[in-house]
Amino acid sequence: MNNLKGHISAVQVSGTMSIVSVTIAKDLIWKVIVIETPETAPYLVIDKKITLLFKETEVIIGTGDLLNLSIQNRITGTIKQLKKGTLLSNILVYTTLGDVAAIVATDAIEKLQLKEGLNITAMVKLNEIMLSEV
């Protein structure tokens with residue numbers, strides 16, 4: 001399980017759902033959708049320290065120009081370790097905020113020509129992230 005630490009910087013509510021903005025670093029804000037509101041979950045307050053949790057299988061790896069994608073949660077890094085399997089491969093991405101692990105189809109690894117030392121972008125959809133209080 002991957003985790004990144006930050007603090008809540010905004011909460012946008014619609015009905016029983018909220019989009020929570022979490023500032024992870026100075027210029028890095030990730031968004032998470034939760035089926036809660038500040039009224040039902042008291043931890044949803046500005047400046048609350050929070051941990052973002054997401055599975056390795058929810059990490060999408062991209063290379064090159066990724067401007068035309070709807071995925072907002074992105075972090076750049078370098079492939080630190082790549083273990084190829086028959087069907088699935090494990091990737092460990094070094095980022096300035098710590099390592100991020102990903103499990104990707106091996107044929108995608110080959111198609112993207114991923115290798116250790118390559119600069120990539122790791123991405124996670126906002127509905128694939130869980131929040132945990134620090």
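Student: Val20 in this predicted model: buried or exposed?
Tutor: Val20 is buried, because its relative accessible area is 0%, and the cut-off for buried is under 20%.

Student: Which element is Val20 in?
Tutor: Strand E2, which runs over residues 17-25.

Student: And what is Val20 in contact with, leaving aside neighbours within four places in sequence?
Tutor: Ile8, Ala10, Trp30, Lys31, Val32, Val34, Leu44 and Leu131.

Student: How far is Val20 from Leu82, C-alpha to C-alpha?
Tutor: 32 Å. Along the chain, Val20 and Leu82 are 62 residues apart.

Student: New topic. How many aromatic pairs does the structure hold?
Tutor: It holds 1. Trp30 and Phe54 form that pair, with 5.7 Å centre to centre and 45 degrees between the planes, which makes it tilted.

Student: Where do the two partners sit in the chain?
Tutor: Trp30 is in strand E3 (residues 28-34) and Phe54 is in strand E4 (residues 49-54). They are 24 residues apart, and the pair links distant parts of the chain.

Student: Are Trp30 and Phe54 buried or exposed?
Tutor: Trp30 and Phe54 are both buried.

Student: On to the largest nonpolar core. Which residues touch the most other members?
Tutor: Trp30, Leu52, Ile61, Ile91 and Leu131, out of 32 residues in that core.

Student: Which element gives the most to this core?
Tutor: E3, with 4 residues.

Student: Back to Ile91. What does Ile91 touch, not counting residues up to four places away in sequence?
Tutor: Ile61, Ile79, Gln81, Leu82, Val100, Ala101, Ala102, Val104, Ile109 and Leu114.

Terms used:
Residues numbered from 1 in each chain as written. Predicted model: local features only at pLDDT ≥ 70, side-chain atom pairs only at ≥ 80, totals over all residues. Heavy atoms only, no water. Helix = DSSP H or I, 4+ residues; strand = E, 2+ residues; numbered from the N terminus. Buried < 20%, exposed > 50% of the residue type's maximum accessible area, 1.4 Å probe, protein only. Contact = heavy atoms within 4.5 Å. Phe/Tyr/Trp six-rings, centres within 6.5 Å; stacked < 30°, edge-to-face > 60°. Core = buried A, V, L, I, M, F, W, Y, C linked by side-chain atoms within 4.5 Å.
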